[in-house]
Amino acid sequence: MLLNNKSILWLILLVAFLSIVYLLKPILMPFLAGALIAYLLDPVTDRLEVKGLSRTAAVTIVFLLGFFLVLIILLLIIPIIETQLRKLLEVLPGYISWGVSTLGPFLEKNFNIDLSVFEVERLKEIIASNWRSTGGFIKNTLQTVSKSGFVLLEWLANLALIPLISFYLLRDWDRLVAYIHDLLPRSIEPIVTRLTIESDQVLGAFLRGQLSVMVVLGFIYALGLSLVGLEFGVLIGIIAGLVSFVPYLGVIIGLLLACLAVIFQTQSLGDLLGVFAVFGLGQLVESFVLTPLLVGDKIGLHPVIVIFSIMAGGELFGFVGILLALPVTAIIAVVLRYIISTYRQSYLYKVDDTQP
């Protein structure tokens, strides 16, 4: 019998847990985000606690420092992003006109593509009129969201809950972990503990390390592209940094956007050398400095698996799925490595059916 009563019970509990998660996914976002923040901040809090502070005092200090750091970053970045977006939408109609007049004949002659089907003039009018009527990207976003009062209130409530939930989870994190550990059946406790430690190493290396890499790369790209004279260097650098959690995706997207921006801005292929130099420098820093120091070699997630997990999580659970995709995939990878290792030591792998 392949499944005994204990296995069936665990299978039922797993199905019940996944079903509850799926049914409650509309309200899980602040809890998952709060748990993620608590997990990321727990090592820092533990260090402060070792220095003699109480757990509550350590959590309070970490939260205050984190709040002021995020606030300073937002106050610095949001005005820059809005300025860049404002300038982009102001010059975009001119870029479209240049692209149609320059690339239109070439595309029509060689690929039989007629750009007139895209109603370019109408597109330019829409961009110009919407920009004049809204006066800014952030203002336009707020107006759109505020049309549905319930949605706005729901998002505000979720945002307000995230720091509250993360504070209480972080304060009681060690006790919660010890409590869950104490509830484990003694027969599986050693295996679960081992897998939990390995999962924590993978998650810690990926989440804390990769977040740091994203921030540093975004700064390098934004500063470098601005220094080479790219008008929208900060915006492109931030985008490239944000998507760099997928290996090579950040540099590919950033390089494509920067090359297009150079072509539209200067129409000179020679200026592309500066763009390639910036992203080349970023890749060197990432490969030889950032990844070895901040991430290490414990991740073990193939880039294709990372992309698939994010798309699958978003498709199944929406934003909550995207939030959970990489942590869950990292844990699954640890469990699969254990299963494969156990299988290689098992009778099923070692038996030779050719022998009588």
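These legends describe close-up views of a predicted model. Local features need pLDDT of at least 70 and side-chain atom pairs count only at pLDDT 80 or more, while totals for chains, interfaces and linings use all residues. Residues are numbered from 1 along each chain as its sequence is written, and side-chain values use heavy atoms, with hydrogens and water left out.

View 1. The structure holds one cavity of 30 Å³ or more (on a 1 Å grid over the protein atoms alone, a set of points where a 1.4 Å probe fits but cannot get out; lining residues have an atom within 4 Å of a point). The largest cavity has a volume of about 40 Å³, taken as the space filled by probe spheres set on the points. Its lining includes Leu217, Tyr221, Tyr248, Gln283 and Glu286.

**View 2. Helices around the cavity.** H8 (189-227), H10 (249-266) and H11 (272-295) each supply at least two lining residues; helices are DSSP runs of H or I, at least four residues, numbered from the N terminus. H10 gives the most, with three residues.

**View 3. Helix H8 from end to end.** The 39 residues of H8 should span 57 Å at 1.5 Å a residue, and its end C-alpha atoms are 56 Å apart, which agrees (the expected span is 1.5 Å times one less than the number of residues). After H8 comes Gly229, with a positive phi near 95 degrees.

**View 4. Glu286 in helix H11.** Look for Glu286 in H11; this residue is buried, at 14% relative accessible area (buried means under 20%, with a 1.4 Å probe and protein chains only). Beyond its neighbours within four places in sequence, Glu286 is in contact with Val213, Leu217, Thr291 and Pro292 (heavy atoms within 4.5 Å).

Technical notes:
On a 1 Å grid over the protein atoms alone, a cavity is a set of points where a 1.4 Å probe fits but cannot get out, and a pocket is an open set with protein on both sides within 12 Å along at least five of seven lines; lining residues have an atom within 4 Å of a point. Buried means under 20% relative accessible area, exposed over 50%, partly exposed in between (1.4 Å probe, protein chains only).
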